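Happy to look at this one with you.

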Amino acid sequence: MALEVKIYARNGVLPAHASQGAAGLDLRADSLHRAAEYYAGEADTIGTGVHVAIPAGHVGLLFLRSSLAKRGFRLANGVGVIDSDYHGEIKVALYYSPQGMEPGTIAPGERIAQIVVLPCPALEVVGEPDVDALGSTARGDGGFGSTGRGVPDLSPGADALPGQVGLFNTKEGA
């Protein structure tokens, strides 16, 4: 699949994979004229100078580079979503939340984010007034953290689930 890209960046660098197995294309800080210093709790939006045409039926997901996360930066919106009908400049909203009080810096041209393009089918939303009509599952309406409760004991000799052979047992009663 090809990704059409228009570069308005001063540095003229195309988004690129950092390694052969990299999932994302790196995006660089282009709107900075000099290194920018950030203090705890500060946020900023940094332009990349890159415009893309995400193929129809796909979405671009914008993630922070791990090197910035190690230094206390976060994406202000968690994950950026770039719809296939958006062709404007990709901008990265950063929030600085270091463990200490030292300022953090972003240099012009520094790799600050990566875009991953994934299939995103158009869904038809069908309203159902009766929640019970959705059917039932073992999880039901259990929400946050509900699948982590009652975790079976997987230690040697223990039953994986009540009435079942344990993970490390080879036969009943072993």
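Q: In what order do the elements of the protein chain run from the N terminus on?
A: The order is β-β-β-β-β-α-β-β-β-β-β. Please keep in mind that this is a predicted model.

Q: How many helices and strands does the protein chain have?
A: One helix and ten strands. A run of E counts as a strand from at least two residues on, whereas a helix needs at least four residues.

Q: How do you know that β5 and β7 are paired?
A: Pairing takes at least two bridges between two strands. Three bridges join β5, residues 58-64, to β7, so the pair meets the definition. The two strands run antiparallel, and L61 stands opposite V81 in β7.

Q: Which strands form the open sheet, and in what order?
A: Four strands form it, in the order β2-β10-β5-β7, with antiparallel pairing.

Q: What makes β2 and β7 edge strands?
A: Each has a single partner strand, so one side of β2 (25-28) and one side of β7 (80-82) have no neighbour in the sheet. On average, neighbouring strands of this sheet are turned by 30° against each other, direction ignored.

Q: What share of the residues of the protein chain is called buried?
A: The label requires under 20% relative accessible area. Of the 174 residues, 28% count as buried.

Notes:
Residues numbered from 1 in each chain as written. Predicted model: local features only at pLDDT ≥ 70, side-chain atom pairs only at ≥ 80, totals over all residues. Heavy atoms only, no water. Axes fitted to C-alpha atoms, helices over the stretch in contact; angles between N-to-C directions. Buried < 20%, exposed > 50% of the residue type's maximum accessible area, 1.4 Å probe, protein only.
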